[in-house]
Amino acid sequence: MLKKTRKLSMLSIIFLVCVILFGLGKGLWGDAADYWDRGTRILQDGKLLLLNIDGFRGYVYPLYCGICNLLGGITGFRIINSLLISFYFTFILPMMHNGRNEMDVKASVSCAIHFMVFSLFFYGAIIYVLSDLFAIILCTMSICLLKKCEEDKRKSIRMLFTILFGFFLYLVYNVRTIYLFASIYLLALFIVRKIRSENSILSKISSILEVIAGGIIASLPQIYMNYKSLKIISMKVPTQGLMLKQLGWGLKYQRYDTYIGMSESHPSAQMNFIEPVGTALLDSLGIEGFASWSDFFAFIIHYPFEVAGIYVRHLINGLLPCWPSLYVTDLDSNKIFLGIGAYTVMFLFLLVCFSNSVNNYNVLSNYIGLLIPVLFIIPGAIEGRFFIAVYIMMVGVLCYNVNWMKIKGFLQIHWLKVAIMFFVGGGLIFSIWSSMLASESVQSIFFYNV
């Protein structure tokens, strides 16, 4: 009873903080405005009108926005989304770390720290109508359902979990198509485990069919939309060749952000951080992008070291949460403390992993499904919000799965080496970050303007 009370208390606290954070978000911008507009059109007067939108964004997140709108407009979204995020941090994420859903005092503190650090770096993912955190929540639930498919001994319940697993695999892909790779990985993992664990061939086949059935059920609205709009029977979310376009943009830009301040010095909403090497290569070839995948792979084969360097910078630059609101209002804001905080989290995470101070390394494998989309988005025009999952993992491991007494002993012995690594690594990271900020196409940006 006491543990249940702690869960409900933590749920209430996180919900309250989310609602307060929502007060910081004013207006709808860019992708957020597009999602909300699609939501208002897909669900009107209680009627589901799938054909009111094209399938470019899928149907799942617009439908979610439409339900929220029907239940109270943007205020309805704020309340429902706050409840969803609160439930995620209180009930779902702890299961990724200990396999259980217990809430003792230590777990309560870990839950609170996990949420607060996340909010510090990415509160914009909470306050705006963006699908990034929503997709992460669905993917995490898929991972937890995969575990339930293996653990529950009751045949009927296990079948239900298996169907739901397939259902959520499609939902997360429909919300953000880059999660197709995560869904493929989790499905392959499920099949391999079932082949190994099930003795009966019939049981193996039926389990796979149950997953497929769940995916088909979830995809029916998208199939209907594609048939009516494109005259094809397909569960695929049409992307209009977006990924190939992203590959071209990824060579031109180190990072992309959206500016809503609209100042005289920066009248454009687009914040393009120029990638000098990629731009030079494209200019030398006289091309803007790639007409086909074969052209892209030929480009990589021809310039492997340059491309590798570009993508490493993408990874590092994406890990800087310099504008936690995600939509930028102040170009000259102080980014020093956020940069130091983010680097400290990264350094601590790597330190505990390589000093053998993680209580259970199997926890890291739970996050592979969440990290695969991050890996596949790196070649594109990356934004800071694409790397949310990395911080959820790093901060989660630090909160739930570290033997701090062991790391204390390690530091007592190797403190000088660790200190040198911290400052050298920090120098390298900040040199890349500062170079990226200064490369903005309209106005050079710095960590702090006096």
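This is a predicted model: local features need pLDDT of at least 70, side-chain atom pairs count only at pLDDT 80 or more; totals for chains, interfaces and linings use all residues.
Helices and strands here are runs assigned by DSSP and numbered from the N terminus. The structure holds 33 aromatic pairs, and its largest pocket has a volume of about 1200 Å³.

- His-266 has a relative accessible area of 0%, and the cut-off for a buried residue is under 20%, so His-266 counts as buried.
- The side chain of His-266 comes to 2.8 Å from the backbone oxygen of Ser-268.
- A polar contact of 3.1 Å joins the side chain of His-266 to the side chain of Glu-440.
- Leaving aside residues up to four places away in sequence, His-266 touches Tyr-259, Met-271, Leu-331, Glu-440, Val-442 and Gln-443.

**Aromatic pairs**

- A pair of aromatic rings is described by two values, the distance of the centres and the angle of the planes.
- Among the 33 aromatic pairs in the structure is the one formed by Trp-36 and Phe-77, which is edge-to-face, with 6.0 Å centre to centre and 75° between the planes.
- This pair links distant parts of the chain, as Trp-36 is in helix H2 (residues 30-42) and Phe-77 is in helix H4 (residues 73-98), 41 residues apart.
- Trp-36 counts as buried at 10% relative accessibility, and Phe-77 counts as buried at 1%.
- Phe-77 also forms an edge-to-face pair with Tyr-64, at 6.2 Å centre to centre and 70° between the planes.
- Tyr-64 lies in helix H3 (residues 60-70) and Phe-77 in helix H4, so this pair ties together parts that are 13 residues apart in sequence.
- Tyr-64 is buried, with a relative accessible area of 13%.
- One aromatic cluster is formed by Tyr-88, Phe-89, Phe-115, Phe-118, Phe-121, Phe-122 and Tyr-391.

**The largest pocket**

- Empty space is found by rolling a probe the size of a water molecule over the atoms.
- The largest pocket has a volume of about 1200 Å³.
- Its lining is made up of 41 residues, and those nearest the centre are Phe-56, Arg-57, Arg-176, Leu-242 and Gln-246.
- Two or more lining residues of the largest pocket come from each of H2, helix H8 (155-175), helix H9 (180-197), helix H11 (242-252), S3 and S4.
- By class, the lining of the largest pocket has 22 nonpolar, eleven polar and eight charged residues.

**The second largest pocket**

- The second largest pocket holds about 580 Å³ of space.
- It is lined by 27 residues, and Met-346, Phe-347, Leu-350, Leu-351 and Phe-354 are the closest to its centre.
- Helix H14 (304-318), helix H15 (336-354), helix H17 (368-377), helix H18 (388-400) and helix H19 (404-438) each give two or more residues to the lining of the second largest pocket.
- H19 gives the most to this lining, with eight residues.
- The lining of the second largest pocket divides into 23 nonpolar, three polar and one charged residues.

Note on methods:
Residues are numbered from 1 along each chain as its sequence is written. Side-chain values use heavy atoms; hydrogens and water are left out. Buried means under 20% relative accessible area, exposed over 50%, partly exposed in between (1.4 Å probe, protein chains only). A polar contact is a pair of N or O atoms within 3.5 Å; within protein, one must be able to donate a hydrogen and the other to accept it, and residues adjacent in sequence count only if both atoms are side-chain atoms. Contact means heavy atoms within 4.5 Å. Rings of Phe, Tyr and Trp (its six-membered ring) pair if their centres lie within 6.5 Å; planes under 30 degrees apart count as stacked, over 60 as edge-to-face and the rest as tilted. Helices (H or I, at least four residues) and strands (E, at least two) are DSSP runs, numbered from the N terminus. On a 1 Å grid over the protein atoms alone, a cavity is a set of points where a 1.4 Å probe fits but cannot get out, and a pocket is an open set with protein on both sides within 12 Å along at least five of seven lines; lining residues have an atom within 4 Å of a point. Grid points are joined across faces, edges and corners, and a volume is the space filled by probe spheres set on the points. Ala, Val, Leu, Ile, Met, Phe, Trp, Tyr, Cys and Pro count as nonpolar, Asp, Glu, Lys and Arg as charged, and the others, Gly among them, as polar.
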